[in-house]
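Trainee: I would like to learn how to read surface patches, ring pairs and helices in a model. Please take them in turn.

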Amino acid sequence: MTLSVAKAIYLVLAIGWYIIRIPHERRSRRTPVSRSARGIKERILLSISFTGLGILPFAYVAFGFPRFAKYAFQPTLAWAGALLAAASLLLFYLTHRALGRNWSVSLDLRESHKLVTSGVYTYVRHPMYSAFWLWAIAQALLLPNWISGPAGLIGFGTLYFFRVGEEERLMSGAFGKQYQDYINRTGRVVPRLNSAHPPH
Ligand code: SAH
């Protein structure tokens, strides 16, 4: 593994994620929203996440920026990053497929929104966020730069910690006991080990 290959893997991850999303973005524009928790806070969080997972690593891959923060490339770390990048893309594909028309870039409930609790949603409530965490870790392992590498963890981490509670309140408000039961048998981004209420 060389630095150029590691940079190329980051690009494949970012472009692959975007390609997986395109049909969902198109469809979501046509699917009416019945309730939304979008607002200025969501917009700021999305920008922070986009900067950390997209703009900063791209600036490094394309221009080597910022030069002062680079360190020696570690092939072993990059190999681990490549594996996580592949796992992340697979999980993105599965989560988008499972969410279907209920997908949204932000926090929206659509007309006749269905609560998805099957497929990759069986054991984890936020598998798409698990995929973003995998992306962020992969980025840190692939890019030998103290700023561009960890930027994804900080950027997506900010979005995640400020959004996930609000998202669960939105879902609870819409699905009541059904969502509470779902919370009781699942983990947020990592499957529960000793679930008191195993999924049936
Ligand atoms: N947090 C989820 C989904 C991210 S997409 C994940 O990480 O996989 C965000 C949109 O998905 C929001 O509009 C939210 O209302 C919707 N959503 C979240 N969980 C859902 C579920 N289990 N079923 C259907 N829609 C869901």
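Trainee: Which residues make the nonpolar surface patch?

Mentor: Areas come from the Shrake-Rupley method with a 1.4 Å probe, and for residues only the protein chains shown count as cover. Here Ile40, Ile44 and Ile48 make a nonpolar patch of about 270 Å². This is a predicted model, where local features need pLDDT of at least 70 and side-chain atom pairs count only at pLDDT 80 or more, while totals for chains, interfaces and linings use all residues. Residues are numbered from 1 along each chain as its sequence is written, and side-chain values use heavy atoms, leaving out hydrogens and water.

Trainee: Where is Ile44 found?

Mentor: Helices (H or I, at least four residues) and strands (E, at least two) are DSSP runs numbered from the N terminus. Ile44 is in helix α2, residues 40-63. Its relative accessible area is 45%, so Ile44 is partly exposed; buried means under 20%, exposed over 50%, and partly exposed in between (1.4 Å probe, protein chains only).

Trainee: How many aromatic pairs are there?

Mentor: A pair of aromatic rings is described by the distance of the centres and the angle of the planes. Rings of Phe, Tyr and Trp (its six-membered ring) pair if their centres lie within 6.5 Å; planes under 30 degrees apart count as stacked, over 60 as edge-to-face and the rest as tilted. By this rule there are 17 aromatic pairs. One of them, Tyr129 with Phe156, is tilted, at 6.0 Å centre to centre and 55 degrees between the planes. This pair links distant parts of the chain, 27 residues apart: Tyr129 in helix α4 (residues 127-142) and Phe156 in helix α5 (residues 151-185).

Trainee: Is Phe156 buried or exposed?

Mentor: Phe156 is buried, with a relative accessible area of 0%. Trp133 and Phe156 also form an aromatic pair, edge-to-face, with 5.2 Å between centres and 85 degrees between planes.

Trainee: How many residues of α4 are buried?

Mentor: The count is 12 of the 16 residues, so α4 is largely enclosed by the rest of the structure. Among the buried ones are Tyr129, Phe132, Trp133 and Trp135.

Conventions: Patch = residues over 30% accessible without salt bridge, like charges linked within 9 Å, V, L, I, M, F, W, Y side chains within 5 Å. Salt bridge = Lys/Arg side-chain N within 4 Å of Asp/Glu carboxyl O.
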